[in-house]
Amino acid sequence: GRYTPAESLLLQAREAATGPEAYALDRGLVRLYGFEGRQDDLRRTLRRAAGIAPDPASILKELWNLDESPFPVEAWRRALEHADPD
């Protein structure tokens with residue numbers, strides 16, 4: 001829940017943005033969704049960003065890595081064990 005305010009601001013700004021600004025906001029959302037482990041939202045945002053990315057091939061590589069790389073379950077478990085309980 002701590003990322004909710006950031007996500008709301010990024011989504012509002014993304015609706016109004018075009019061009020390089022829209023791409024930068026999509027990258028921010030990708031990073032945020034990655035922190036939260038929200039793979040479906042991350043993929044959806046990457047697909048949208050591919051149409052405006054300066055290097056669309058890098059987006060395709062990122063999407064491929066999401067599907068082909070193992071999910072770091074142990075790293076997430078350790079991070080959650082040490083996370084702020086609030």
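Q: In which helix is Ala49 found?
A: This is a predicted model, numbered from 1 along each chain as its sequence is written, in which local features need pLDDT of at least 70, side-chain atom pairs count only at pLDDT 80 or more, and totals for chains, interfaces and linings use all residues. Side-chain values rest on heavy atoms, with hydrogens and water left out. Helices (H or I, at least four residues) and strands (E, at least two) are DSSP runs numbered from the N terminus. On that basis, the element in which Ala49 is found is helix H3.

Q: Is Ala49 buried or exposed?
A: Relative accessible area decides the class: under 20% is buried, over 50% exposed, and in between partly exposed (1.4 Å probe, protein chains only). Ala49 has a relative accessibility of 1%. Because of this value, Ala49 counts as buried.

Q: Which residues does Ala49 touch, not counting those up to four places away in sequence?
A: A contact requires heavy atoms within 4.5 Å. With residues up to four places away in sequence left out, Ala49 touches Tyr23, Asp26 and Ile59.

Q: Against which helices do the buried residues of H3 pack?
A: The buried residues of H3 are Gln39, Asp41, Leu42, Arg43, Thr45, Leu46 and Ala49. Helix H3 covers residues 39–50. Its buried residues pack against helix H2 (19–36) and helix H4 (56–68).

Q: What span is expected for H2 at 1.5 Å a residue?
A: The expected span of a helix is 1.5 Å times one less than its number of residues. H2 has 18 residues, and from its first C-alpha to its last it reaches 26 Å. That reach is close to the expected span of 26 Å.

Q: Against which helices do the buried residues of H2 pack?
A: Buried residues of H2 include Tyr23 and Asp26, together with Ala22, Leu25, Leu29, Val30, Leu32 and Tyr33. The helices against which these buried residues pack are H1, H3 and H4.

Q: Which residue with a positive phi follows H2?
A: The phi in question is near 75 degrees. The residue that has this positive phi and follows H2 is Gly37.

Q: Which residues form the aromatic pair?
A: Rings of Phe, Tyr and Trp (its six-membered ring) pair if their centres lie within 6.5 Å; planes under 30 degrees apart count as stacked, over 60 as edge-to-face and the rest as tilted. The structure holds one aromatic pair. With 6.0 Å centre to centre and 25 degrees between the planes, this stacked pair is formed by Tyr3 and Phe35.

Q: How many residues apart in sequence are the parts that the pair of Tyr3 and Phe35 ties together?
A: Tyr3 is partly exposed at 37% relative accessibility, and Phe35 is partly exposed at 40%. Tyr3 lies in the segment before helix H1 (4–16) and Phe35 in helix H2, so the pair ties together parts whose separation in sequence is 32 residues.

Q: How far apart in space are Gly51 and Trp76, C-alpha to C-alpha?
A: Gly51 lies in the loop between H3 and H4 and is exposed, with a relative accessible area of 69%. Gly51 and Trp76 are 25 residues apart in sequence. Their C-alpha to C-alpha distance is 31 Å.

Q: What share of the residues in the protein is buried?
A: The protein has five helices and zero strands, and its C-alpha atoms fill a box of roughly 40 × 30 × 15 Å along the principal axes. Among its 86 residues, the buried share is 26%.
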